[in-house]
Amino acid sequence: MKTSFATLTSLIILGCAPLTTAADAAKPTVKPGNTPAARVLEQMAGTWDEEVEMADGRKVHGTTTGRFVMDGNWLETEADIPIDDKNRVQHLTLWGWDEKANAFKSWMFSPTGAPLESTGTYDDKLRTFTTTGKTANGAPVDFVSNLLNATPRKRPALTPPTHGP
């Protein structure tokens, strides 16, 4: 039980921490790996604008920063998206390729609850990630990420898919 509490506490502290600190500048730059998956993830590296369509239809805007970590085949993204004067979406996500599942995997950590594990596919022609997962209580979480512009980094429209997985 102590381990679970310590892990939860660490996630909450991480989610509440400022997105950019002096320590971030000291992190080494990791080059993208030389794999097809890393080349896809490279589209999400850097700082970009994000537009999120909420369940009620409202669109909110924020910033997400992505950087390669470890061996260059994993991408870490941090998002800070204000919803209104008192609320914001903040999360840290780790993206990578799962050889066995033949799909992208992501683990999203936020200060509001348990991590969200998702599985996704990338459509090169449409430049979209379609991702499905479940919350800790089993509720489905499905979204489509449209990668609109590579330069400057801009990724508007995280929207629900038009059909089920």
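Where is the place of Ser 118? I looked it up: Ser 118 sits in strand 6, residues 113-123. Strands here are DSSP runs of E with at least two residues, helices are runs of H or I with at least four, and both are numbered from the N terminus.

**Ground rules**

I am working on a predicted model, where local features need pLDDT of at least 70, side-chain atom pairs count only at pLDDT 80 or more, and totals for chains, interfaces and linings use all residues. Residues are numbered from 1 along each chain as its sequence is written, and side-chain values use heavy atoms, with hydrogens and water left out.

**Entry: confidence**

I checked pLDDT, the predictor's confidence in each residue from 0 to 100. The chain has a mean of 75, and 73% of its residues reach 70 or more. Residues 1-20 have pLDDT below 50, and I find 11 contacts for this stretch beyond near neighbours in sequence. Residues 150-165 are also below 50. That stretch has 46 contacts in the model beyond near neighbours in sequence. Contact means heavy atoms within 4.5 Å.

Is Ser 118 buried or exposed? Ser 118 has 3% relative accessibility, so I log it as buried. The cut-offs are under 20% relative accessible area for buried, over 50% for exposed and partly exposed in between, with a 1.4 Å probe and protein chains only. Leaving out residues up to four places away in sequence, Ser 118 touches Phe 104, Lys 105, Ser 106, Thr 131, Thr 132 and Gly 133.

I moved on to Lys 105, in strand 5. Lys 105 counts as buried because its relative accessibility is 15%. Its side chain joins that of Thr 119 in a polar contact of 3.4 Å. A polar contact is a pair of N or O atoms within 3.5 Å; within protein, one must be able to donate a hydrogen and the other to accept it, and residues adjacent in sequence count only if both atoms are side-chain atoms. Beyond four places in sequence, the residues touching Lys 105 include Leu 94, Trp 95, Gly 96 and Asp 98. Glu 117, Ser 118 and Thr 119 are also among them.

**Entry: Trp 107 and the aromatic pairs**

Trp 107 is in strand 5, residues 103-110. I log Trp 107 as partly exposed because its relative accessibility is 26%. Its C-alpha atom is 9.1 Å from that of Thr 119, 12 residues apart along the chain. With neighbours within four places set aside, Trp 107 contacts Trp 74, Leu 92, Thr 93, Leu 94, Leu 116 and Glu 117.

How many aromatic pairs does a search of the whole structure find? I get 5. Rings of Phe, Tyr and Trp (its six-membered ring) pair if their centres lie within 6.5 Å; planes under 30 degrees apart are stacked, over 60 edge-to-face, and the rest tilted. Trp 74 and Trp 107 have ring centres 6.1 Å apart and planes at 45°, so this pair is tilted. Trp 74 lies in strand 3 (residues 74-82) and Trp 107 in strand 5, so the pair links parts of the chain 33 residues apart. Trp 74 is partly exposed, because its relative accessibility is 24%.

I then took Trp 95 and Phe 129. Their ring centres are 5.5 Å apart and their planes at 50°, so I note a tilted pair. Trp 95 is in strand 4 (residues 88-98) and Phe 129 in strand 7 (residues 128-134), so parts 34 residues apart in sequence are tied together. Both residues are buried. Trp 95, Trp 97, Phe 104, Tyr 122 and Phe 129 form one aromatic cluster.

**Entry: nonpolar cores**

A nonpolar core is a set of buried Ala, Val, Leu, Ile, Met, Phe, Trp, Tyr and Cys residues joined through side-chain atoms within 4.5 Å. The largest has 14 residues, and Leu 41, Met 44, Leu 75, Phe 104 and Phe 129 have the most contacts inside it. Helix 3 (residues 36-41) gives the most to this core, 4 residues. Another core, of 5 residues, lies apart from it, with Val 52, Met 54, Val 60 and Ile 81 among them.

Gln 43 is in the loop between helix 3 and strand 1. Its side chain makes polar contacts with the side chains of Tyr 122 at 3.0 Å and Arg 127 at 2.9 Å.

Strand 1 (residues 46-53) and strand 2 (residues 59-69) pair in the antiparallel sense over 8 bridges. Pairing needs at least two DSSP bridges between the strands. Thr 47 has Thr 65 in strand 2 as its bridge partner. The hairpin has 5 residues between the strands, and Gly 57 there takes a positive phi near 95°.
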